Amino acid sequence: MAACDHAACGAFFFSQDEESRMNQAQQAYIEHAVVDDAAATALPVIIVGAGPVGVHALKELRQSDPSLEVLIYGDEDYQPYNRVQLSGLLAGQFKVSDLSLASELWSESSANTRFLRTRITAIDPVNKTVTDWSGDQRRFSKLILATGSRPFIPAVAGVDLVGVYTFRDMADAEKLAARRVQSTHTVVLGAGLLGIEAARAMQRHNTRVTLVDHNPHPMFRQLDAKAGAMLAEELEARDIALLLGSGLRMLLGTRAVEGIVLRDGSCIACDTVVLATGIRPNRSLAQDAGLAFGRGITVNRRMQTSAEDVYAVGECCECDGEVFGIVAPGFEQASIAVRNIISKEAPTAYRSPQLATSLKVAGLSVFSMGGADHPASVRSFTWQRQGKYRRLTLIAGRIVSINAIGDWPELAALRDLSKKGKWIAPWRLWQFQSSGDLLPAGAANDVESWPAEAIVCNCNSVSAGQIRGAICAGSGTLATLTACTQAGSGCGSCQPLLQELLHDSSPRQKVAGTVPLNIAGFIALVLAVSGLAAYLPYPDTVQLPWRWDELWRNTLLKQISGFTVLGLCAVSLLLSLRKRIPKLQFGQFTHWRSAHVVLTTLALAALAVHTGFRLGDHLNMLLMITFLALVVAGCLLAFSIAWEHKLNPRQARTIRSAGLWSHLLFSWPLPALLGMHILKTYYF
Ligand SMILES: Cc1cc2nc3c(=O)[nH]c(=O)nc-3n(C[C@H](O)[C@H](O)[C@H](O)COP(=O)(O)OP(=O)(O)OC[C@H]3O[C@@H](n4cnc5c(N)ncnc54)[C@H](O)[C@@H]3O)c2cc1C
């Protein structure tokens, strides 16, 4: 039966197969354990809590040492399931079997793994025992606490009325599924991630949903005001009403809930309330056993509690003063704990991750990393267009937070840059503010993850979607793909991307026009480097028929050579724009590129005549150095293009984009410096 059918009748069940397999295994273990327990020499590792993190720890233990005996306890009336997908289950997007973690518990290699569906009521870290709900005691070699969290219930009147729900586990989801059918107006308290998910899941054609929060916008801790306002608009557009900026005073009703009263005095009539007002770590087992605790069970970076053989992972623990409410850090902690339990080598330390939240509100992507609150020393850069919003916050040139509404293909790469603490150059930030993209085209991430509308071939405006379509339709080689879509037939710089999409890792064909690239590039490089390192000498004697220093001393000759440099540079620049301006798409690109390189080399020769390759002072020196550096970067780019057939596509793409960006970097200040140079010469 489909999940939505279950949801409608308000009952979620695992398949009979899964249930009976687990029950048999459980029974077999109990019998086996009773016989063997006393004689056991190798004591099991015990995990308390069969949520996603506990199950992850179990999986890691089994992979690391299949011979290890592991016992996992869970106290819910269900087989272990993936809590993260509960809202999808309630909304009817998933079937209950999609959530099952049973396959993670039971596999061919799980002979030494046991799941016991009972509650642990006490732990004794000194004698190394756990006691379950029925009074049975078991000894452990190591204990992992993965007891998770419970919902926080605000201390206001009426929270115990009929029709008031929490949303934490499968039992809650079952009750909400049944309630949703009857509810005409559901109020969800708390517009954080869970509240939004609950609100979406509770929507039904005859169920009105209102989201209430005392903060001024939803996801207040993750999103800045602008992103929060856009999310609020989107939620409202999806028929979720929002009441923001006023906290809850009380719930109304005698037996069943009839409404809520906010602190500003307003009343909202409703028949159902979902509390999504936060969570609290389950730390009582540790607390009662005398282990250190704060908000959660205190652990060091090896995930050890104050008792050496007891570890805590997931939402129940507190590491470096932080408690997490999402699953990814828990998985990481479980892996670290297992490595430290298994390995005899140096301990592995856990480092707090940059937390990221990503959700889709009816098709709208919302992403947040690093929260919304930052000290005044940070710099923020934003970009907004057509319903999309992107904000980067940096401290000392490093990304500390990202907010995004709408798709942003660069996100994976940006998270990586942030994680590695990479410095972001100012010109990238200027580019971000004008285009919304921080990274050079193609460097964002794997081209395979680009959205369909992303342009792969700039010369011919061919999108990733068109290319994928052509590949599906049978274009299996670079040549056929180019013939079919025109992609790669312009400058050819997208050919490595096309090869990646084709899963073709063979070196590329040699590009056309490598001879001028190599020759003119070499001459220009020699001229530019000698211009930076030396200058043309003055004659030793004045007794010469022709004094070459007149070239850069005679005012008229200097003007002629100066305007020649300017003219050649201007034409060369125009040639390089061919790729960007669709109206200029005539003739072969390789000819334009060769002409660009040759003209620049001639401009360099004219510059030697104009200056004797003397760098000059102040502004002149800056102008000369910038120009010569531009040429050096251009030469390196020319060589990288001429030789990229010797490289694999990914290397070729990286080197080419590094060359291109350094070439562009030096070209930006040139017009201003040249303008000032001309002004200084003629005006002053
Ligand atoms: C509706 C919903 C949607 C969510 N969506 C996301 C999301 O999109 N992304 C995300 O990253 N996170 C999400 N989360 C949070 C995520 O589910 C949690 O971070 C994750 O489940 C934590 O895993 P855990 O194993 O540490 O704890 P839990 O999942 O809470 O598991 C702990 C288990 O231990 C059991 N237990 C406790 N005490 C005992 C005891 N004494 N004896 C035996 N068993 C015990 C509990 O009953 C529970 O089954 C969502 C949570 C909910 C409720």
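Nine salt bridges are counted in this structure, which is a predicted model. One of them joins the side chains of K128 and D309, with nitrogen and oxygen 2.8 Å apart. This pair connects distant parts of the chain, since K128 sits in the loop between β4 and β5 while D309 sits in the loop between β18 and β19, 181 residues apart. D309 also meets the side chain of K142 in a salt bridge, at 2.7 Å from N to O, and here the link runs from strand β7, which holds K142, to the loop that holds D309, 167 residues apart.

Another salt bridge is formed by the side chains of R391 and D224, at 3.0 Å from N to O. Because R391 belongs to strand β24 and D224 to the loop between β11 and α9, the pair ties together parts that lie 167 residues apart in sequence. Both R391 and D224 are buried.

D213, in strand β11, is buried as well but has no salt bridge, and R221, the nearest side chain of opposite charge, is 8.8 Å away. The side chain of D213 instead reaches the backbone nitrogen of A191 at 2.6 Å, and the residues that D213 touches include G190, G192, L243 and S246.

V515, I519, F522, I523 and V526 make a nonpolar patch of about 470 Å². F522 is found in helix α17 and counts as exposed because its relative accessibility is 52%.

Conventions: Residues numbered from 1 in each chain as written. Predicted model: local features only at pLDDT ≥ 70, side-chain atom pairs only at ≥ 80, totals over all residues. Heavy atoms only, no water. Helix = DSSP H or I, 4+ residues; strand = E, 2+ residues; numbered from the N terminus. Buried < 20%, exposed > 50% of the residue type's maximum accessible area, 1.4 Å probe, protein only. Lys, Arg positive; Asp, Glu negative; His and termini not counted. Salt bridge = Lys/Arg side-chain N within 4 Å of Asp/Glu carboxyl O. Polar contact = N/O pair within 3.5 Å; in protein donor to acceptor, adjacent residues only side chain to side chain. Contact = heavy atoms within 4.5 Å. Patch = residues over 30% accessible without salt bridge, like charges linked within 9 Å, V, L, I, M, F, W, Y side chains within 5 Å. Areas by Shrake-Rupley, 256 points an atom, 1.4 Å probe, with all protein chains shown as cover. Lists of a residue's contacts leave out its neighbours within four places in sequence.
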